[in-house]
Amino acid sequence: MSRTYTARYVFPVSGLPLPNGTVTVGDERIEAVLPHGKRTPDEDFGNVAIIPGLVNPHTHLDLSGARGLIPPTDPDHFTDWLRGVITYRRTSNPEQTQTDIRDGLAECLRHGTTLIGDIASEGASWEPLAASRLRAVVFREVIGVTTAGVERWTEAVRWAMDRSRARIRAAYSPHAPYSVNADVLVKSVGCGCPVAIHLAESPAEVELLDRRTGPFVGFLQQLGLWDGAVLPSSLGGIVPDTANAGTPIREPYPVLYVHGNYLSLSTELKAHQSIVYCPRTHAAFGHPPHPFREFLARGVRVCLGTDSLASNPDLDILAEARFVRSRYPDFPGDQLLRMVTLSGAESLGWVNECGSLEAGKSADFVVVPLPDADAPDPHELLLADHAGARRTMFRGQWRTSSTP
Ligand SMILES: [Zn+2]
């Protein structure tokens, strides 16, 4: 039994917006997405947009309890903020961590997220995400610049290898160039799992890798982790797909470079490598303008992420797109919508299943209220700040508060 829905606008993302278009859902899948007049709808949602399920490729749900507790610093004092995060993690017990994860997850679901990439110590978000009605990639985090870092990496790979299921996939995240053994970084790319790494986030990170000086030296010494010899030699040394060079693999696994605030424009990225720009977190730290437009112009995939509630006001990925719209009014709205849907699905390796409204894909979509106004480009309506509860369909079924 199939059912056909219509609304003021349908945004397939894989094609142009359809005024009063229709989406037909049969069982769990999209049967058809058509312009107005081709099919008689069973239900008209009115002044709303139907958009693909939202994709948030970068969160740390286990930091959800830190909302407002660790105010972002200016870029030159980034290590002070990191100290705050470490203290929060050390004072949190496993029960509190699970509560934080559930709270953050509930917020993601409420905003219409249907695919999430979450970085978690010990993979702690695996069970709550596996029990929820969304898709997820859980990146088990690896931190450690000493040989212990190599052992943790081996453990993380083993964890990831025997875990993936249909809706939830296991992956791992060497945390950042300053916190992970260089050996692990080189081995990690192309080793059979998706990988996420924080990269070029602060000026101090660039200084550390280029010159072995700056705030990170004292920061790592205080933690008893200073060993300049095991750090990568430069940011440029991390990005190339070195591990793939001697090991032919049929299909490279996704690599997400998170932030890239200070990534050189000469950095070469391949089709399976993406930059995740976290706009409101980026702004909270007062970084210089992010190079996302320049990377996009060069054909590099850039998607948006929220990062965690330790640095971001909420976990609403559509609000990130709206924020970018307010900062860059001339940036095309269709590209912004793509950055929180299809590009995110591509970056996480889920594009065959979701990310756009297309026949054959999973019936995942969000119904977003629109303002009572007109605009020459309907993306302007979608990207205008507008309150109102969203409704989410996941695999052909409505999500309600009692069925997360
Ligand atoms: Zn992060």
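Here is a short exchange about a predicted model and the reasons behind its labels.

Colleague: Why is Arg325 called buried?

Modeller: The cut-off for buried is 20 or more other C-beta atoms within 10 Å. Arg325 has 22 C-beta neighbours inside 10 Å, so Arg325 counts as buried.

Colleague: Where is Arg325 found, and what does Arg325 touch?

Modeller: Helix H11, residues 317-327, holds Arg325. Leaving out residues up to four places away in sequence, Arg325 touches Gly333, Leu336 and Leu383. A contact needs C-beta atoms within 7 Å.

Colleague: How is the chain divided into domains?

Modeller: Domain 1 takes 2-52 + 357-398, and domain 2 takes 54-348. The C-alpha centres of the two domains lie 30 Å apart. Each domain gives 16 residues to the contact.

Colleague: Which elements supply the side of domain 1 that touches domain 2?

Modeller: Strand S7 (48-52), helix H14 (378-383) and strand S17 (391-394) each supply at least two residues. H14 gives the most, with four residues. By type, that side of domain 1 has eight nonpolar, three polar and five charged residues.

Colleague: What makes Ile50 stand out in the largest nonpolar core?

Modeller: The core has 111 residues, and Ile50 and Val138 touch the most other members. At least three residues of this core come from each of domain 1 and domain 2. Membership requires buried residues of the listed nonpolar types, joined through C-beta atoms within 7 Å. In soluble globular proteins, nonpolar side chains tend to be buried together.

Colleague: Which residues does Ile50 touch?

Modeller: Not counting residues up to four places away in sequence, Ile50 touches Tyr5, Ala7, Val10, Phe11, Val23, Phe365 and Val367.

Colleague: Tyr5 is on that list. Which residue stands opposite Tyr5?

Modeller: Glu43 in S6 stands opposite Tyr5.

Colleague: How do you know that S1 and S6 pair?

Modeller: Pairing calls for at least two bridges between the strands. S1 (residues 2-6) and S6 have two bridges, in the parallel sense, so they count as paired.

Colleague: What is the strand order in the open sheet of four strands?

Modeller: The order is S5-S4-S1-S6, with mixed pairing.

Colleague: Why are S5 and S6 called edge strands?

Modeller: S5 (29-34) and S6 (43-44) each have a single partner strand, so one side of each is left without a neighbour in the sheet.

Conventions:
Residues numbered from 1 in each chain as written. Predicted model: local features only at pLDDT ≥ 70, side-chain atom pairs only at ≥ 80, totals over all residues. Domains from an automatic or database assignment. Contact = placed C-beta atoms within 7 Å. Nonpolar A, V, L, I, M, F, W, Y, C, P; charged D, E, K, R; others polar. Buried ≥ 20, exposed ≤ 12 C-beta atoms within 10 Å, placed from the backbone.
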